[in-house]
Amino acid sequence: MADKIETHTLSVLVDNEPGVLARVIGLFSGRGYNIESLVVAEVDAARHLSRITLVTSGTPMVIEQIKAQLDRLVPVHTVRDLTIEGAHVARELALIKVVGSGEKRVESLRIADIFRARAVDSTIESFVFEMTGAPEKIDAFVNLMRPLGLVDVSRTGVVAITRGAKGI
Amino acid sequence: MTTATKPPATAAEMTGAEVILKALADQGVEVVFGYPGGAVLPIYDAMFKSNYVRHILVRHEQAAVHAAEGYARSTGKVGVVLVTSGPGATNAVTGLTDALMDSVPVVCLTGQVATHLIGNDAFQEADTTGITRPCTKHNYLVKDSGALAKTIHEAFHVAKSGRPGPVVIDLPKDIQLAKAPYVGPEDVEHKTYRPRRTPDPQAIEQAVEMIAKAKRPLFYCGGGVVNSGPKASELLTQFVRMTGYPVTLTLMGLGSVPASDPLFLGMVGMHGMYESNMAMHDCDLMINIGARFDDRVTGKLTEFAPHSKKIHFDIDPSSINKNVRVDLPVVGDAGEVLAALIAQWKKKKAKPDGAALAKWWDQIKKWQARDCLRYKASKTLIKPQYALERLYALTKDLDPYITTEVGQHQMWAAQFFKFEQPMHWMTSGGLGTMGYGLPAAIGAQIAHPDRLCIDVAGEASILMNIQEMSTAVQYRLPVKVFILNNQWMGMVRQWQELIHGGRYSESYTEALPDFVKLADAFGGVGFRITKPSDVDGVIKEMIKVKKPVIVDCAVDQKENCFPMIPSGAAHNDMLLGPEDQAAKPTSDEGLALV
Ligand SMILES: Cc1ncc(C[n+]2csc(CCOP(=O)(O)OP(=O)(O)O)c2C)c(N)n1
Ligand SMILES: [Mg+2]
């Protein structure tokens, strides 16, 4: 019974109506499911549709439950499990503030360059880097910044879409 | 039953309140259970001026919802509730949760403060959509009168389609007063909400193959069959008889197969029949139609039906593979599933394995011979089982509608009443709500004014909604409350005896009202029974009285409800009677379970 814990990225198309996000979040807290990240924004203004991308973890049986429970919510149109459906692109945006001077400051800039992070704000003693990428890449960058004067990190959470010509 | 005049066909200049009433009328609503207050006064005013629907004034909003549930479950229609904002809405929450757990279609209209006041802690403001989000199937806050009629029609669609459930529509007072356009139900279709009803044909083929091959099969069916409508119960009975397989039903499913059918083993679960639970434990194929592997049925999950393959038919995909992993999951409406199974069974000319089945039935007959409902009769004390046996025997030819409160009496009622048809048995299964039975009986009685409606009650539970006697008297509803009075919260006492070393903490009621006088005070009729020899006479009297009746039947205070699967135990580890109690103490694991 000791099923393995898996992490899945779900893409949920919903009516953009009041309370829909509360419904989704309430479902997760009420039933004790995990949310690792959740991103929501309107994607079709004319049809009032929003897409929620959420990353969750659990045993395969729990993941199956989560999808069935989401699908059962009245304003939910579709629930797609990108992790199961195969190739998809997952990206996250992060803003990372690093404070320091001298060698450390130069080093942070050098690493940022390697990671294709852009400095979007700078003072004599600080940088704010902006980077997009897979969450692991952002994790790696943040870890490298830690000894170089990392102060704050702000991350959006994952948005994802399937690869290839077909829509979700 | 009602004298509803049809509302005007063209309604150019209606107020929101009028739109609401017309929408209800167009949805075929005949009765609304409600309670007025400031935030719904415009609706009550519109009601005063029209007679689209009949309003039943309850005495507490919780009871309005339970009454709507009793109405819905005894008719198959949507039950409708109307309450005011704030305390009206919060009082309705228990009823809504009850309806959600037991999948009862209810539409509950709640008043709300005017839109410009929302969020200001206005008088009698509550975040009703926030509070009821987790205890409804769906809810709406109408902020635009243009959407009002559409929202109401949509709410009815959501409440009754798929797995039914309660839907709340929160109605700010200014929306009720403003002019609003009307659209009819035929013009409203939900954008996306279309639950799947028709099962996958391939899965049906596979199911029939598995069913025909089984050696120790068991049908395990529940409320989903009842909810699908009377046709589903007919089809279930037909299919069960075609196979000759044994069938057990959950608390919610009672009546979907006639109890008199020899293939019916009786109820399954914690206080279900020994033979049902043993068959469930030993079966090699479980055919679940419209039941949800509730913990009251499965007992210890790791030892649940260990040698079985399982097929699960359910209209709600989230009920499948939730507690128990099944081998063949099939989404669909119970009625459609059964029609497809029967058609496929005939097409394949399927035949059960006769020899294996005969052997299986031999085993089942041995379990049945244990006679698990037997109890020690007494000449001096009224055994609760005896009282119910007599109540059943003396009322069964009248096809009564039976509701219950929650506790031992509820389980005894489930064991001793034999239901031949669906929709005659209404009990709070999922939530286990004390106080459910009387208002539910009122709802059933409203729907079936000439029929016998009995609430089998405990003396503790009945006090939770006793005020509804007043409703019953007002509408001349001859509901019968039959109290098995043991002076204890019997079910609590039983658990304390079994699990907590007989430390009876707060489960004895030191002071109880005189129920006979209480009935009288409300304007009903009261009877008391203290001797076994008086039971029959009083029950016959009770049936004759065409008024609300309370029967206070003093029963053996020490009786426990058996058989019982103690919490945390497996199906083949039942307690059959007091003798087993000491021999099988509850595990530490079981102690933590509810
Ligand atoms: C609203 C509510 N509160 C508490 C409980 C817990 N509970 C379950 S059964 C029971 C005792 C019921 O006593 P009574 O109505 O006298 O029935 P009996 O078991 O004696 O037949 C209690 C307190 C409940 N089910 N519902
Ligand atoms: Mg009692």
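A polar contact is taken here as a pair of N or O atoms within 3.5 Å. Bear in mind throughout that the model is predicted.

Begin by selecting ligand 1 and the 17 residues that surround it, of which the closest are B:Gln408, B:His409, B:Gly432, B:Ser461 and B:Gly490. At B:Gln408, look for a backbone N or O atom lying 2.8 Å from an oxygen atom of the ligand. Then move to B:Met491, where a polar backbone atom is 2.9 Å from a ligand oxygen, and to B:Asn486, where an N or O atom of the side chain is 3.0 Å from an oxygen atom of ligand 1. Of the 590 Å² of accessible area that ligand 1 has on its own, the protein covers 76%.

Next, colour helices H16 (408–416), H18 (459–462) and H20 (490–499) of chain B, each of which supplies at least two residues of the shell around the ligand. By residue class, this shell divides into eight nonpolar, eight polar and one charged.

B:Arg528 lies in strand E19 (residues 525–529) and B:Asp514 in the loop between H20 and helix H21 (515–522), so the pair ties together parts of chain B that are 14 residues apart in sequence. Both partners are partly exposed, B:Arg528 with a relative accessible area of 40% and B:Asp514 with 30%.

Finish in chain A, where A:Glu85 and A:Arg80 form a salt bridge with their closest N and O atoms 2.7 Å apart.

How values were computed: Residues numbered from 1 in each chain as written. Chains lettered and ligands numbered in written order. Predicted model: local features only at pLDDT ≥ 70, side-chain atom pairs only at ≥ 80, totals over all residues. Heavy atoms only, no water. Near = heavy atom within 4 Å. Polar contact = N/O pair within 3.5 Å; in protein donor to acceptor, adjacent residues only side chain to side chain. Areas by Shrake-Rupley, 256 points an atom, 1.4 Å probe, with all protein chains shown as cover. Helix = DSSP H or I, 4+ residues; strand = E, 2+ residues; numbered from the N terminus. Nonpolar A, V, L, I, M, F, W, Y, C, P; charged D, E, K, R; others polar. Salt bridge = Lys/Arg side-chain N within 4 Å of Asp/Glu carboxyl O. Buried < 20%, exposed > 50% of the residue type's maximum accessible area, 1.4 Å probe, protein only.
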